[in-house]
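Please look over the model below together with the notes that follow it. They are meant for someone meeting this structure for the first time.

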Amino acid sequence: INISKNVGIEFEEVFKIQKQLQEMYGTKFDENSTIKELASFWMINKHSIEDELCEMFDALGGIDDGIGNAGWKYWKKENSKAKEMKISDLSQGDIKELKYEIVDVFHFFLNFAISIGMTGNELLSMYINKAKENVNRQSNDY
């Protein structure tokens, strides 16, 4: 796996924007924040991620031009179409909606990291190290 570290600057910008968004909503954490405050904030974000994941599953079937949530709801008549449907069958609008749902999940995920003072570069570096470890594990019959 070839992983470039050049994306760090852009990733740090994503964290900066998300942190500004949270501060705009009146949410700010620092080293003096209590565990209870963090737990409450994390619970809201956990629920938000779960909700966005549900929307993501609905979007997977195509909201406007596809079968919508019938993609995973086996009891719906159109569910049988999911066996043959491909991502390439979705309209550009439906693909865009699906991608936005993934971005919504990412938005709330970032809040966890930011709330404990993690930076974009730190997350990226730790991710790269963990990815390398996982590759090593698989190479060594983990």
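How many aromatic pairs does a search of the whole structure find?

1. The search finds 6 aromatic pairs, where rings of Phe, Tyr and Trp (its six-membered ring) pair if their centres lie within 6.5 Å, with planes under 30 degrees apart counted as stacked, over 60 as edge-to-face and the rest as tilted. The rings of F11 and F106 have centres 6.3 Å apart and planes at 35°, so this pair is tilted. Because F11 lies in helix α1 (residues 8-24) and F106 in helix α3, the pair ties together parts that are 95 residues apart in sequence. Ring pairs also link F11, F15 and F106 into a cluster.

2. This is a predicted model, in which local features need pLDDT of at least 70 and side-chain atom pairs count only at pLDDT 80 or more, while totals for chains, interfaces and linings use all residues. Residues are numbered from 1 along each chain as its sequence is written, and side-chain values use heavy atoms, with hydrogens and water left out.

3. F11 is buried, at a relative accessible area of 19%, whereas F106 is partly exposed at 31% (buried means under 20%, exposed over 50%, partly exposed in between, with a 1.4 Å probe and protein chains only).

4. E101, in helix α3 (residues 92-115), is buried yet has no salt bridge (a side-chain nitrogen of Lys or Arg within 4 Å of a carboxyl oxygen of Asp or Glu). The nearest side chain of opposite charge to E101, K96, is 13 Å away.

5. L60 belongs to helix α2 (residues 35-60) and is partly exposed, with a relative accessible area of 42%.

Notes:
Helices (H or I, at least four residues) and strands (E, at least two) are DSSP runs, numbered from the N terminus. Lys and Arg count as positive and Asp and Glu as negative; His and the chain ends are not counted.
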